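Please examine the sequence and the three-dimensional structure shown here before reading the notes on strands, helices and aromatic rings.

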Amino acid sequence: MAGVSTVHNGSLYKLRSLNGIFSIYKKQGPTSPDVLNTLKKDLLKEAGVKNPNTRKRKKQPLKIGHGGTLDSNAAGVLVVGIGEGTKMLTTMLAGSKKYSAVGELGKETDTLDVTGNVVEEKSYDHITKEAFEEKLKEFTGEIMQVPPLYSALKKDGKRMSVLLKQGQEVKAKPAHPVTVYNLSLQDFSPPHFTIDAECGGGFYVRSLIDGLGKALSSCAHVKELTRTALREDHWTLTDISQALQPCPKPTGQQKNTKKAKSKDKPSPFKSKGDDGDQNND
């Protein structure tokens, strides 16, 4: 029994020593908090914590949070902060991010991706690879972008996607400035195409694909959106420690800024883009 206790104590110490940010893959179905709780439960069990209550925040040996919320019907990358990394989610997610997106020409959906209902169909036979690549240039640099209606952005404290599913009327948010560092066409096999995108915070890939379709006198929606991430069969202490991106400790200025914001807002994280907002658990 002493040997088992030593292993558990060692694993718990290793768990508590993890500080940084990594990304995991969220499958279609569960919510982002559901996925985070599953991850927490797996790690706590590996560290020897029996029957961990992952939703109880006080006296938890594991501090963990996520950013860039994905809707339950969406699959893709969820950025996770662990230990001191939870304090740096806002700063780290403000940097550039890279995506690989597969789009389909000729069909527009209400959610701007494959999970939605088709609301319009248009011809795409006139679109050539050369015309597509030329149009990409118009979406590179500092541009204005309208967030999708179906998103984690909030109206009156509730997510717009939830309000829409409840049958409530929701108006689109105004266009906001975003930065697109690079766009490149990787494959063009109409009606499908694949592009790689590097962008800054507040950017929505779904809005990009929708905008591209309209700019080409057609329409389009996202079929697949991926980024490199740890899949569920690799949610272990060893795999996470190897994938972890260390975070610098907050400077005195960052600490003072956080304290000032906490007086005005109940949560230290602001709503961001990337098809979601940020949450700390």
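Predicted model: local features only at pLDDT ≥ 70, side-chain atom pairs only at ≥ 80, totals over all residues.

Residues are numbered from 1 along each chain as its sequence is written, and side-chain values use heavy atoms, with hydrogens and water left out.

- Helices (H or I, at least four residues) and strands (E, at least two) are DSSP runs, numbered from the N terminus.
- Two strands count as paired if DSSP finds at least two bridges between them.
- An open sheet is formed by five strands in the order β7-β10-β11-β4-β12, with antiparallel pairing.
- The edges are held by β7 (141-145) and β12 (220-226); each has a single partner strand, so one side of each is left without a neighbour in the sheet.
- From one strand to the next, the twist averages 45 degrees; axes are lines fitted to C-alpha atoms, for helices over the stretch in contact, and angles run from 0 to 180 degrees between N-to-C directions.
- Strands β7 and β10 run antiparallel and are joined by five bridges.
- Within β10, T179 stands opposite E142.

**Helices on the sheet**

- Helix α4 packs on the sheet and touches β4 (97-105), β10 and β11; the direction of α4 makes about 165 degrees with that of β10.
- Helix α6 (residues 205-215) also packs on the sheet, where it touches β4, β7, β10, β11 and β12; the direction of α6 makes about 145 degrees with that of β12.
- Contact here means heavy atoms within 4.5 Å.

**Strand β3 and its partners**

- Strand β3 (residues 76-82) is mostly covered, as seven of its seven residues are buried; buried means under 20% relative accessible area, exposed over 50%, and partly exposed in between (1.4 Å probe, protein chains only).
- Strand β1 (residues 20-26) runs antiparallel to β3, and seven bridges join the two.
- K26 has G76 in β3 as its bridge partner.
- Strand β2 (residues 64-67) pairs with β3 in the antiparallel sense over four bridges.
- H66 has V80 in β3 as its bridge partner.
- Strands of a sheet pair through backbone hydrogen bonds, either parallel or antiparallel.

**Aromatic rings**

- The structure holds two aromatic pairs; rings of Phe, Tyr and Trp (its six-membered ring) pair if their centres lie within 6.5 Å, and planes under 30 degrees apart count as stacked, over 60 as edge-to-face and the rest as tilted.
- F132 and F188 form a tilted pair, at 5.6 Å centre to centre with 55 degrees between the planes.
- This pair links distant parts of the chain: F132 lies in helix α4 (residues 129-136) and F188 in strand β10 (residues 176-189), 56 residues apart.
- F132 is buried at a relative accessible area of 0%, and F188 counts as buried at 18%.
- F132 and F193 also form a tilted pair, at 4.7 Å centre to centre with 55 degrees between the planes.
- That pair likewise links distant parts of the chain, with F132 in α4 and F193 in strand β11 (residues 192-199), 61 residues apart.
- Both F132 and F193 are buried.
- Through these ring pairs, F132, F188 and F193 are linked into a cluster.

**Cysteines**

- The structure holds zero disulfides, a disulfide being a pair of cysteine sulfur atoms within 2.5 Å.
- C199 counts as buried at 0% relative accessibility, and C219 counts as buried at 1%.
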